[in-house]
Amino acid sequence: MKKTTSQVKILSIDIGGSHIKATILNKKGELKMDYDKVPTPAPASPDNLIKAIKTLVKNFPAYDKISVGFPGYVKNGVIKTAPNLNTKLWADVDLTKKISDALGKPTQVVNDADMQGLGVVNGKGLEMVVTLGTGFGTALLMNGHLLPHFELAHLPVKTDKTYDQYIGEKALEKYGKERWNKRMQKVFEILKTVFNYDTLYIGGGNSDLLTFKLDKNMKIVTNADGIKGGARLWIDDVESKTKREISTPTE
Ligand code: BGC
């Protein structure tokens, strides 16, 4: 019997530089369980990553579809770069197919910040989402529609430093919270002037460490908010099929 929309369950997976998180959502994006996590394997090769995901979801309740956020440039479900995992191991890997074959359900893979963005925006005007973690994730959405492939992380912010190097996890560890906060203030000034967004959402594990006052149109969002984006990917299968690659398991 075909499931009604409200019965469909989505396994939403967020692959990060330090952890892989996953939960089960309904189509409205409500979490049906607390999200669980395992450390990202080292080396983070495709095979090791698939193994870690299988272990993570082994005892999860049943699900019908899978959404994955990946920390790199993803084109039509195929990985192009993986700056914080290892681009050499990942370039042109069809992760969508690998996951749908490994877990046996229709799968979509998008950039991690894009998935978070879909989970947190309210669909009004130009909304920007940044994630502060191992790398600097960035997503732009216009009236709720994602403008994909946006990788601000790799633009130089200073002569010798990209955004990833300037405010990523390594910089935080090296220079400490105070200097990192000063850098974040500078970055937010740049984003405000350059993008003229209506709302800026700030997610990722390190967003908790911001100590300065934010403008009214800047909001901190949680990882649990972000992972909800996994449901948005499946809201309208017909529409999403025309925009993204969906892989169904090989028999
Ligand atoms: C990657 C982005 C990713 C971000 C956060 C950056 O290094 O280039 O694709 O969204 O890290 O994981």
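Which residue in the turn of the E9 and E10 hairpin has a positive phi? It's Asn143, with a phi of about 45°, and the hairpin leaves two residues between E9 and E10.

Before going further, a word on what you're looking at. This is a predicted model, where local features need pLDDT of at least 70, side-chain atom pairs count only at pLDDT 80 or more, and totals for chains, interfaces and linings use all residues. Residues are numbered from 1 along each chain as its sequence is written, and side-chain values use heavy atoms, with hydrogens and water left out.

Helices (H or I, at least four residues) and strands (E, at least two) are DSSP runs, numbered from the N terminus. Two strands pair if DSSP finds at least two bridges between them.

| Pair | Sense | Bridges | Facing residues |
|---|---|---|---|
| E8 (residues 126–132) and E9 | antiparallel | seven bridges | Leu132 and Phe136 |

Strand E9 (residues 136–142) is largely enclosed by the rest of the structure, because six of its seven residues are buried. Buried means under 20% relative accessible area, exposed over 50%, and partly exposed in between (1.4 Å probe, protein chains only).

The contact (heavy atoms within 4.5 Å) takes 15 residues from domain 1 and 19 residues from domain 2.

Between them the domains bury about 1300 Å², with 51% of it on carbon and sulfur atoms. Buried area is the accessible area (1.4 Å probe) that two parts lose on being put together, summed over both. On the domain 1 side, Ala113, Asp114 and Arg232 lose the most area to domain 2, together 45% of what that side buries.

**A spot in a loop**

Ser45 sits in the loop between strand E3 (36–39) and helix H1 (46–57). Ser45 counts as buried because its relative accessibility is 15%. Leaving aside residues up to four places away in sequence, Ser45 touches Leu89 and Trp90.
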